[in-house]
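Subject: Structure for you to look at

Hi,

Here is the structure I promised to pass on. Have it open while you read, and I'll walk you through what turned up.

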Amino acid sequence: MISQKMYELGTKKSTIRTIFEFGRQQAAKVGEENVFDFSLGNPNVPTPEFVKEAAIDILTNWEPSAVHGYTVAPGALQVRQAIAESINKRFGTNYAGKNIFMTAGAAAAITISFKALCQEGDEYITFAPFFPEYRCFVESVGGKLVVVPARTEDWQIDFAAFTERITNHTKAVIVNSPNNPSGAVYSEKTIQKLADILRAKEEEYHHPIFLISDEPYREIAFEGFTVPYIPKYYNDTIVCYSYSKAFSLPGERIGYIVVPDEIADYSKVFGAIAGAARVLTHVNAPSLWQYVVGRCADKPSNIATYVKNGKLLYDGLIDAGFECVQPQGAFYLFPKCLEEDDYAFCEHAKKYNLLLVPGTDFGCPGYFRVAYCIKTSTIERSLPLFKKLAEDYKK
Ligand code: PLP
């Protein structure tokens, strides 16, 4: 009668949602200020004034039909041109509006890209720890997700394990740097090696292997860590970008796909992206927010709070005795649990109202994710509790 698969997807609560709901119940019992909810990746930095000003100006001064009308499916050309020019300035590329396809955030950008590329039996490789939605995005288009185990010492890539998993069926590889949940940034050396391996495999199998770069955290990279612009290293790259975190606009659903001219068969790939967006009933990305981000394309993100929070939390966790890679970008840390079972560890942490997400959800058991896009004062007050939690395991 109905699709069992869709029913399961729609009704099975995610761990993060379950933790969040537990937090709400606890807040009612012990008070909001005594619950330390590190579960959600909702940016807490206010949306920049220039974004608000652009939205108000457009809403006030433009013809309503111009603001709220449909745009062409890939997005308003002047917006795509503004974004292309901004990327060119930053990364020395040579894009035009035709290389940009506006989407409702990174989630839509990724799903559209998967759908555009996927043929029955295709495999998509990603690296643990990874954004859990990749699995349902890939499976929804009939693909199979292949996971490369994590390189836990620095969250870069285990190239031996990666190479073993590339087959004639590999359609694409998905990377996410700065990473949710590890907070790591792939180094230039990592990207270079990834590109070299993929080029060799393309030659061996005589077909393109696409590299899909999921970049919602591109702007959140800390001092000393540069995020390489992947299309400059590998021609068959598709970039999925979002303003959800860059401008704290997750609810507005706005982002884009970059399809470079250098990709194998640009016009076929761009056409398939338009077709995928069409059958996914994407129609066009929200028009007001297209115009707003088009105006703000060159504006910077404010990452000062994330820098401060990341350092504070990292120092506190190390001081309490946790093992953790230092924050490099995004707004997550991914420390090692103090017992093998990450679910049991996160359950135990609830004793102190510390709400943490088990690493198994990201394909990496034995670790936990801490999202630090919350008030700095909440992090400060949580540090003695992390210490108590660690002491429980020393007894
Ligand atoms: N990719 C990663 C790694 C994410 O963490 C998120 C959201 O948290 C997304 C994609 C989806 O982002 P958007 O809000 O742009 O759809």
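Let's start with T281, which counts as exposed because its relative accessibility is 61%, and the cut-off for exposed is over 50%. Before going on, please keep in mind that this is a predicted model. You can find T281 in the loop between α10 and α11. Its backbone is worth a look too: T281 isn't a glycine, yet its phi is positive, at about 55°. Most residues other than glycine have a negative phi.

D265 lies in the loop between β8 (255–258) and α10 (266–279). Is D265 buried, exposed or partly exposed? With a relative accessible area of 45%, D265 is partly exposed, because that label covers what falls between under 20% and over 50%.

Most peptide bonds are trans. The bond joining A128 and P129, however, is cis, with an omega of about -5°. P129 sits in the loop between β3 (123–127) and α7 (133–140). The other cis bond to look at runs from N180 to P181, and its omega is near 20°. For P181, look in the loop between β5 (170–176) and α9 (188–205).

Now for the helices. Find helix α5 (residues 77–91) and helix α11 (residues 287–295): they pack at an angle of about 35°, and their axes are 8 Å apart. The crossing of α5 and α11 is left-handed. Which residues of α5 and α11 meet? On the α5 side they are Q78, V79, A82 and I83, and on the α11 side Q290, Y291, V293 and G294. Sorted by class, the contact of α5 with α11 has five nonpolar residues, three polar ones and no charged ones.

I254 counts as buried because its relative accessibility is 0%.

Helix α6 (residues 105–117) lets you do a quick sum check. At 1.5 Å a residue, its 13 residues should span 18 Å. The end C-alpha atoms of α6 are 19 Å apart, which agrees.

On to the strands, and β7 (residues 237–242) in particular. How many of the six residues of β7 are buried? Six of six, so this strand counts as mostly covered, with buried meaning under 20% relative accessible area. In a regular strand the side chains alternate between the two faces of the sheet. Both faces of β7 are covered: T237, V239 and Y241 are buried on one side, and I238, C240 and S242 on the other.

β7 also has neighbours to trace. Strand β6 (residues 210–215) runs parallel to β7, and five bridges join them. One place to look is D214, whose bridge partner in β7 is C240. With β8, the pairing of β7 is antiparallel over four bridges, and there S242 has G255 as its bridge partner.

D214 is also one of the residues that N176 touches, along with Y134, P216 and Y217, leaving aside residues up to four places away in sequence. N176 lies in strand β5 and is buried, with a relative accessible area of 5%. N176 and W155 are 21 residues apart in sequence, and 11 Å apart in space from C-alpha to C-alpha.

How values were computed. Residues numbered from 1 in each chain as written. Predicted model: local features only at pLDDT ≥ 70, side-chain atom pairs only at ≥ 80, totals over all residues. Heavy atoms only, no water. Axes fitted to C-alpha atoms, helices over the stretch in contact; angles between N-to-C directions. Helix = DSSP H or I, 4+ residues; strand = E, 2+ residues; numbered from the N terminus. Left-handed = near helix turned anticlockwise from the far one by under 90°. Contact = heavy atoms within 4.5 Å. Nonpolar A, V, L, I, M, F, W, Y, C, P; charged D, E, K, R; others polar. Expected span 1.5 Å × (residues − 1). Buried < 20%, exposed > 50% of the residue type's maximum accessible area, 1.4 Å probe, protein only. Pairing = 2+ DSSP bridges.
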